[in-house]
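My entries follow in the order I made them.

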Amino acid sequence: MDLGDVTAPVAAVVGVVGTLLSALLTQRAADRSRQRELERAEELRERRSQTQELRSCYVALNTAGRQYLAALTDQLHALGRAGELSAARQRLTGARDQYRDVYAEAQMRLPQRVLAHAGDVSRDLGAVYGMIRRLDDGVPRPGDSPAAVQAGIDALWERLREMRREMRADLGSTRADSGRRARETGGTATGRPDGSA
């Protein structure tokens with residue numbers, strides 16, 4: 001048997017096996033690539049869903065805080081006006097209960113730096129609520145006065161703004177705002193083409 005007679009069939013077999021293996025390896029690589037794409041798409045959907053849930057939690061907390069502050073303000077204005085006091089008390093109780101429920105849920109979802117702001121707001125809301133209830137009940141402590149309640153409410157509006165800025169920053173809204181300002185001013189977010197402050 002001549003070596004050339006054996007080499008040709010062996011080469012043909014190797015060629016056929018190589019072609020089949022190449023197609024198989026290409027198919028497996030394509031399958032892995034599709035699987036990675038599906039996993040990435042699922043991760044992206046999950047991140048979007050989590051972001052939407054967090055955004056909803058932020059909106060609920062902001063809304064409940066604003067309603068609680070408005071109810072505190074109404075209660076303050078109703079002090080001394082017997083005809084309005086009952087309705088203001090009911091609104092305040094409802095707003096306080098709503099805020100407590102929303103805040104309890106937020107405690108399970110918020111990142112720590114936003115939760116720190118929310119905790120400060122919640123604590124201060126409770127302090128102002130206690131002061132206004134003592135005034136309403138006619139048993140004020142030293143330092144309790146309508147002026148002190150108003151000062152507390154004013155400070156809380158600023159705290160709510162700070163908390164909202166933190167929530168927006170966490171969601172990436174501040175980046176979107178910076179880009180919008182840059183487009184509106186014709187330069188960067190600072191309004192200068194070189195971005196300097």
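**Overall fold.** I counted five helices and zero strands in the protein chain; helices (H or I, at least four residues) and strands (E, at least two) are DSSP runs, numbered from the N terminus. Along the sequence the pattern reads α-α-α-α-α. I noted that this is a predicted model, in which local features need pLDDT of at least 70 and side-chain atom pairs count only at pLDDT 80 or more, while totals for chains, interfaces and linings use all residues. Residues are numbered from 1 along each chain as its sequence is written, and side-chain values use heavy atoms, with hydrogens and water left out.

**Burial and surface.** Of the 197 residues of the protein chain, I found 26% to be buried. Buried means under 20% relative accessible area, exposed over 50%, and partly exposed in between (1.4 Å probe, protein chains only). The chain exposes about 12,600 Å², and 54% of that comes from carbon and sulfur atoms. These areas come from the Shrake-Rupley method with a 1.4 Å probe; for residues, only the protein chains shown count as cover.

**Contacts along the chain.** I looked at contacts (heavy atoms within 4.5 Å) with a separation of 6 or more, and 64% of them in the protein chain join residues 24 or more positions apart.

**Helix 2.** I checked the length of helix 2, residues 82-109. Its 28 residues should span 40 Å at 1.5 Å a residue, and the end C-alpha atoms are 41 Å apart, which agrees. The expected span is 1.5 Å times one less than the number of residues. I listed L85, A88, L92, A95, Y99, V102, Y103 and A106 as buried in helix 2. An α-helix has 3.6 residues a turn, so residues three or four places apart point the same way. D101 is also in helix 2, but it counts as exposed at 55% relative accessibility. I placed D101 9.2 Å from A64, C-alpha to C-alpha, although 37 residues separate them in sequence.

**Helix 3.** Helix 3 covers residues 112-137. Its 26 residues should span 38 Å, and its end C-alpha atoms are 37 Å apart, which agrees. After helix 3 comes G138, with a positive phi near 80°.

**Helix 2 against helix 3.** How do helix 2 and helix 3 pack? I read an angle of about 160° and axes 12 Å apart; axes are lines fitted to C-alpha atoms, for helices over the stretch in contact, and angles run from 0 to 180 degrees between N-to-C directions. That makes helix 2 roughly antiparallel to helix 3. Angles under 35 degrees count as roughly parallel, over 145 as roughly antiparallel, 65 to 115 as roughly perpendicular and the rest as oblique. Residues making the contact include L85, R89, L92 and R96 of helix 2, and L115, A118, G119 and V121 of helix 3. Helix 2 passes helix 3 in a left-handed crossing. A crossing is left-handed if the near helix is turned anticlockwise from the far one by less than a right angle, and right-handed if clockwise.

**The loop at P111.** I found P111 in the loop between helix 2 and helix 3. P111 counts as partly exposed, at 25% relative accessibility. Not counting residues up to four places away in sequence, P111 touches L54, Y58 and D170. The C-alpha atoms of P111 and M167 are separated by 9.3 Å, with the two 56 residues apart along the chain.

**Helix 4.** Helix 4 has 26 residues and reaches 37 Å from its first C-alpha to its last, close to the 38 Å expected. I recorded V149, G152, I153, L156, L160, M163 and M167 as buried there. R165 lies in helix 4 too, but is partly exposed with a relative accessible area of 46%. Its C-alpha is 9.4 Å from that of V114, 51 residues away along the chain. G172, with a positive phi near 90°, follows helix 4.

**Helix 3 against helix 4.** Helix 3 and helix 4 (residues 146-171) pack at about 160°, with axes 9 Å apart. Helix 3 passes helix 4 in a left-handed crossing.
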